[in-house]
Each structure stands twice: as structure tokens, then as C-alpha cells.
Amino acid sequence: MRPKEIKKLIDLVESSNISELEVSRWGRKVRIRKDMGGQAMPDGHENIYVAPAPAPAKSKRAPEVAEPVTSEKKTEKNENIIEIESPMVGTFYRAPAPDAKPYVEVGQVISKGQVLCIIEAMKLMNEIEAETSGRIVEIHAKNAQPVEFNQVLFTIEKV
Amino acid sequence: MFKKILIANRGEIALRIIRACKELGIKTVAVYSTADQESLHVRFADEVVCIGPGPSAQSYLNIPSLISAAEVTNSEAIHPGYGFLAENAHFAEVCESCGIQFIGPSHDMIANMGDKAFAKAKMKEAGIQTIPGSDGILKDINQAHKLAKDIGFPVILKATAGGGGRGMRIVRSSEQLENAFTTARSEAEAAFNNPGLYMEKYFEEPRHIEVQILGDDHGNITAYGERECSIQRKHQKLIEESPSPAIDDELRQKLMDAAIKGAKMVNYKSAGTIEFLLDKDGKFYFMEMNTRIQVEHPVTEMVIGIDLVKEQIRLAAGEKLLFTSPLKLRGHAIECRINAEDPDKGFRPNPGDISYFHVPGGPGVRVDTHAYALYKIPPFYDSLLAKIITHGKNREEALVRMMRGLEEFFIEGIKTTIPFHQKILQDKDFQAGNFNTKFIERFMDVK
């Protein structure tokens with residue numbers, strides 16, 4: 001399911017008396033839960049869990065199984081929020097070497113051109129640079145996780 | 001046997017390979033461009049990896065992306081399908097050097113058979129008749145005259161650097177030769193910056209006959225009957241069938257023997273197809289060899305009863321050929337390639353949204369397609385939408401089933417070539433099996 005469709009479902013749950021909604025299509029499920037006190041979660045955000053189809057277990061993105069995605073629906077569509085997507089298929093590394101310090105951490109302010117991570121493809125280490133300066137809001141991939149083309153790696157807020 | 005295979009392709013052939021893998025208990029990895037997110041092969045694979053944006057050069061032809069995808073998913077083998085990188089020797093070599101089994105022949109074999117001069121020389125060595133012609137570029141008009149006399153008119157002059165019909169001249173007598181030679185040279189120079197010409201015997205109304213072969217790692221090679229592929233428009237096949245209505249048992253035996261001899265001469269492994277030209281007098285000439293699984297492989301599967309893609313995978317895993325002695329062809333099969341093109345507007349490609357999609361069924365009807373209702377056809381790739389294959393106890397039954405199948409095949413929201421195929425099937429000459437590679441040209445002139 002695409003973010004747009006998930007957003008529509010969130011709006012539906014939000015604006016109605018539905019407390020829990022589960023939709024499945026093509027073997028993929030989305031379940032949206034609302035705390036009936038009117039507040040979804042203590043921090044005011046809806047949590048969406050995208051679960052893969054039940055047995056036979058099909059992992060659509062090896063090796064991870066479930067991927068929590070936080071919805072930004074409550075905040076206005078912010079032009080200052082930039083998503084850095086992977087330009088290639090490979091393995092994502094947070095640091096230049098296994099025992100080295102990660103390139104960046106959440107909350108860190110970075111400058112344009114600064115190296116954010118490495119994507120290893122075919123034994124070659126490719127440094128991924130920031131397209132803009134800003135503050136790291138979120139890091140979406142785990143160290144040593146396989147990533148695909150266009151997969152969102154970082155959310156950066158321009159400062 | 002492999003535990004996991006990555007399919008380096010898209011569309012109907014990707015789905016075809018996934019199906020074979022499922023039956024063999026092999027896990028599948030589908031790769032897709034951002035334009036193919038909703039594609040069927042992505043739905044049915046066990047794992048999926050997005051490898052790039054829509055344009056093929058950045059996705060399905062992107063070797064680093066494909067190899068990287070195979071590595072992050074721990075795929076043991078890559079099946080290249082047809083088109084894209086299926087006959088790219090460099091890609092096969094990269095796979096080999098990265099420890100990934102390429103499902104097809106070795107990179108040397110691909111490079112060799114892709115070299116027309118090499119392939120021709122090898123076939124000659126095997127004692128197979130090749131298309132008579134010049135050994136390379138014609139030096140001058142005198143050589144042209146001599147050669148034309150040896151080959152026998154009509155001959156065709158072709159630009160060595162060219163294609164698309166430019167720098168080509170058909171010459172029917174020695175009087176025409178000088179003028180044709182000069183004008184073809186100037187045209188070639190203008191179009192390709194290279195005036196070099198070669199000469200070949202010209203066949204007026206040949207039939208395109210190809211033979212399916214399979215070779216294993218133990219030196220066994222077998223031929224699985226012939227396919228008739230003369231119904232072509234601008235050198236693109238539209239309708240294929242097996243067996244060919246133009247071939248009797250005696251000629252079939254000669255073709256099989258020649259194909260096997262040729263394949264043995266190059267020590268061929270995996271699935272491949274040897275293409276021949278059949279002239280009006282029943283003589284055949286080697287044209288070229290394709291070192292991949294072909295679009296029309298289902299017609300052979302229907303008359304032989306063997307899953308060729310499963311065979312290809314088993315052979316790549318080092319297993320022996322299922323059958324080393326020739327098999328009898330059972331009944332008759334026909335395939336129509338349905339394209340998302342508008343036959344009334346010069347076959348203009350028709351990407352767009354399919355609003356309604358109903359696939360025919362019933363006895364002897366098979367449909368291989370990656371399309372479905374509400375599918376949005378991306379504009380970046382070829383227009384092949386579906387293959388409908390029918391099988392019957394004889395050609396008449398296969399034909400009647402194809403007519404029924406096309407009648408039941410509803411695709412709405414876009415234009416397809418289904419109506420065009422229906423018209424061809426009504427043609428008396430086609431029904432009589434009386435046609436050659438000029439058929440579509442004549443058929444469209446008359447319309």
C-alpha cells in the first residue's frame with residue numbers, strides 16, 4: 001500500500017468512531033488502531049504497522065519482517081522536511097568501519113555534502129552525501145541492512 | 001539445485017520463470033523499476049528489490065544494480081529471461097566472476113554465437129548449409145560480379161555497419177549490379193559513415209523455421225522439434241506454431257540432425273534456438289543461433305509436453321537432460337502475441353490503464369501474461385501484453401481453438417492487436433498453411 005492510501009485510511013479512522021481498522025490486499029495487511037480516549041498515542045501520532053501476509057511467511061524485503069512507519073499526518077506538509085533516498089541497491093552502513101563511530105546521529109546538524117552513510121554494492125563502498133544542510137530527524141535503516149533503490153534512509157529538517 | 005534465483009527481467013517472462021521456480025521449490029527474487037511497482041511478477045515473487053527508475057538503462061539493464069540485488073538477497077543464480085541482458089556476454093561474465101550462476105550458456109558461448117561470422121564458420125565446419133555470401137566486405141565491383149555469379153541471382157547487398165533496410169539493395173541480374181553497388185555504398189556512407197557492403201544470396205519468399213535445442217553439462221544435446229515463425233511484421237514475430245505446416249517427417253529429421261550437429265560443434269549448453277531459412281524448394285540454410293529462452297517457447301512446450309524453463313534451470317544446476325532421444329511432436333500448437341498497440345494507427349504503442357481484463361480458457365487454451373484488470377501499462381518497455389497459445393490434436397483444432405480464444409479475450413481501456421490477429425486467422429492462405437515471411441506485408445497491402 002502506498003503512503004497516500006494509508007493516509008486516506010488514517011483520515012477515515014480519525015474522523016469516525018472506528019477504533020480499529022484492518023485492510024488487506026495482495027497478501028499485505030495494514031492495521032490502524034485508535035485509542036478511544038480521542039488521543040491516538042501519547043505523542044499525538046498514529047502508529048501504523050505494516051505486517052506481511054501470514055504463513056507462508058513471505059518477506060518482501062529480506063531480511064526484515066515488520067517495518068513500523070510513523071505517520072506525519074498531524075504536522076502540516078512541511079517543505080523543510082527532506083527525505084534522503086538510496087540511489088542504489090546495496091547494504092547500508094552507519095559507519096566507515098565496523099568499530100568506528102557512525103557518520104551521523106539523530107538530532108545532529110549536518111552540512112550539505114557531508115557523508116551520511118555508506119552503501120556497499122558489489123564490494124565497493126559508496127559514500128552517500130547530504131543534498132542539503134539540516135538536522136537529522138530520523139534514520140530509517142539499520143546498520144548492515146539491505147536497501148533498495150529509492151528506499152528512504154534519512155529524514156532531514158532544513159535549518 | 002538452487003535455493004534462490006533472481007529473475008533479471010520483467011513482464012510475462014519474469015512471471016513464467018517465477019512459476020517454474022515455484023514448481024522446483026526454488027525461492028524467487030524479483031527485481032523491479034519504480035515504474036513496475038504494481039507489476040504481477042513483483043506480487044508473486046518471494047522477495048522483491050527495487051533496482052532503479054523506469055528507463056531500462058537505469059534498471060533492467062543496470063548490471064551493478066542487478067548484481068547488488070543478487071548479493072543482498074543471497075541469490076545463487078540469475079535467470080536473464082529474454083531481451084535485456086539475456087544475450088549480453090559481459091553480464092554473463094560478471095555473474096560468473098561474482099560467483100552467481102548465470103542461467104544460460106557460458107559468456108564465451110554467448111559472445112561466439114553472437115558473432116555472425118564465427119557462428120557461420122562453425123556451422124559450415126559442421127557441414128550445415130549456411131546462407132551463401134561474401135566472406136566479409138566486398139573489395140570492389142569486380143569481386144561483387146564474380147561472387148554474384150557463384151552464388152546465383154538474386155543476391156542482396158547489405159551495409160556491414162547498418163540495419164533498418166538502409167544500404168540494402170536487391171539485385172536480380174548482373175546488369176543491375178554496378179548501379180546497385182554504387183548507390184548502396186553512398187547510402188551506407190551517408191547513413192552509417194561506413195560504405196562497406198557484403199553480399200548474400202537473396203531468398204524471395206523464405207519461411208523462417210527454428211529448432212529448439214537443449215544441451216547439458218555431460219555432452220548430451222537434443223532437439224525438440226521445429227517452430228514456424230514466418231508471420232512477422234517488420235521482423236517482429238506475431239504468430240508462431242509447431243510443427244510447421246511446410247515440413248514433412250523427412251525434412252524434419254534433416255532439420256533436427258543439422259541443428260544437433262551444429263549445437264554439438266560448439267559444445268552448446270542450456271536452452272538455445274537455431275534459426276533457418278527455408279526456401280521454396282525445401283532447402284534450408286543456417287541463419288543464426290539464439291542463446292536464450294525465446295518468447296515463443298510455449299508452442300514447443302505444448303507439443304512436447306516438457307517445461308522448457310524448468311529444464312533450463314535444471315541444466316544450469318548441472319543435471320542431465322530429461323530425454324536424450326528425440327520425442328515425437330503431439331498435436332499442433334499456435335501462439336499469438338498480443339501487443340498493446342493500435343493496429344488501425346500504424347501499430348502505435350498504447351500504454352495506459354486496462355479497465356477490464358478477461359482471459360480465455362477451456363480445453364487447449366493457455367495464456368501467459370503479466371497483465372490484469374486495472375493494470376497500468378508503463379511506457380518504458382516493449383508492448384507485449386500477453387501470449388495466447390492453443391493446442392489441438394491437429395492444426396485445424398489448434399486454429400479453431402485460437403479463434404475461440406481470441407473471441408473470449410476481453411481487454412478494455414487500451415487498444416490491442418487482438419482484432420488484427422482475428423483477421424489473420426480468417427485468411428484463406430494462413431488457414432491453408434500457405435505463407436512465408438512476406439505474408440504480413442501482402443496481407444496489409446490488401447486490407
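Entry 1: I looked up Asn74(B) and found it in the loop between helix 3 and strand 4 (77-79) of chain B, where helices (H or I, at least four residues) and strands (E, at least two) are DSSP runs numbered from the N terminus. Its phi is near 60°, a positive value in a residue other than glycine. I note that Asn74(B) is partly exposed, because 15 other C-beta atoms lie within 10 Å; on this scale a residue is buried if 20 or more other C-beta atoms lie within 10 Å of its own, exposed if 12 or fewer, and partly exposed in between, with C-beta atoms placed from the backbone.

I keep in mind that this is a predicted model, in which local features need pLDDT of at least 70 and side-chain atom pairs count only at pLDDT 80 or more, while totals for chains, interfaces and linings use all residues. Residues are numbered from 1 along each chain as its sequence is written, and chains are lettered from A and ligands numbered from 1 in the order in which they are written.

**Entry 2: Asn150(A).** In chain A I looked up Asn150(A), which has a positive phi of about 75° although it is not a glycine, and which lies in the loop between strand 11 (145-147) and strand 12 (152-157). Asn150(A) is partly exposed, since 18 other C-beta atoms are within 10 Å.

Entry 3: I find one helix and 12 strands in chain A, and buried residues make up 22% of its 159 residues. The average pLDDT (the predictor's confidence in each residue, from 0 to 100) is 76 for chain A, and 70% of the residues score at least 70. Over residues 38-75 of chain A the pLDDT is below 50, yet beyond near neighbours in sequence this stretch has 55 contacts in the model, a contact being two residues whose C-beta atoms, placed from the backbone, lie within 7 Å. Where pLDDT is low, the predicted coordinates should not be read in detail.

**Entry 4: where the chains touch.** The contact takes 17 residues from chain B and 15 residues from chain A. On the side of chain B that touches chain A, strand 3 (47-52) and helix 3 (63-72) each supply at least two residues, and the largest share, seven residues, comes from helix 3 of chain B.

**Entry 5: helix 1 of chain B.** I checked how helix 1 (residues 11-24) and helix 11 (residues 308-316) of chain B pack, and their axes are 9 Å apart at an angle of about 65°; the axes are lines fitted to C-alpha atoms, for helices over the stretch in contact, and angles run from 0 to 180 degrees between N-to-C directions. Arg16(B), Ile17(B), Ala20(B), Glu23(B) and Leu24(B) in helix 1 meet Val309(B), Lys310(B) and Ile313(B) in helix 11 of chain B.

Also in helix 1 of chain B lies Ile18(B), which counts as buried because it has 25 C-beta neighbours inside 10 Å. Leaving aside neighbours within four places in sequence, Ile18(B) is in contact with residues including Ile7(B), Thr28(B) and Phe44(B).

**Entry 6: cis peptide bonds in chain B.** The peptide bond from Phe153(B) to Pro154(B) is cis, with omega near 0°, and Pro154(B) is found in the loop between helix 7 (141-151) and strand 6 (155-159). A cis peptide bond also joins Ser242(B) and Pro243(B), with omega about -5°.
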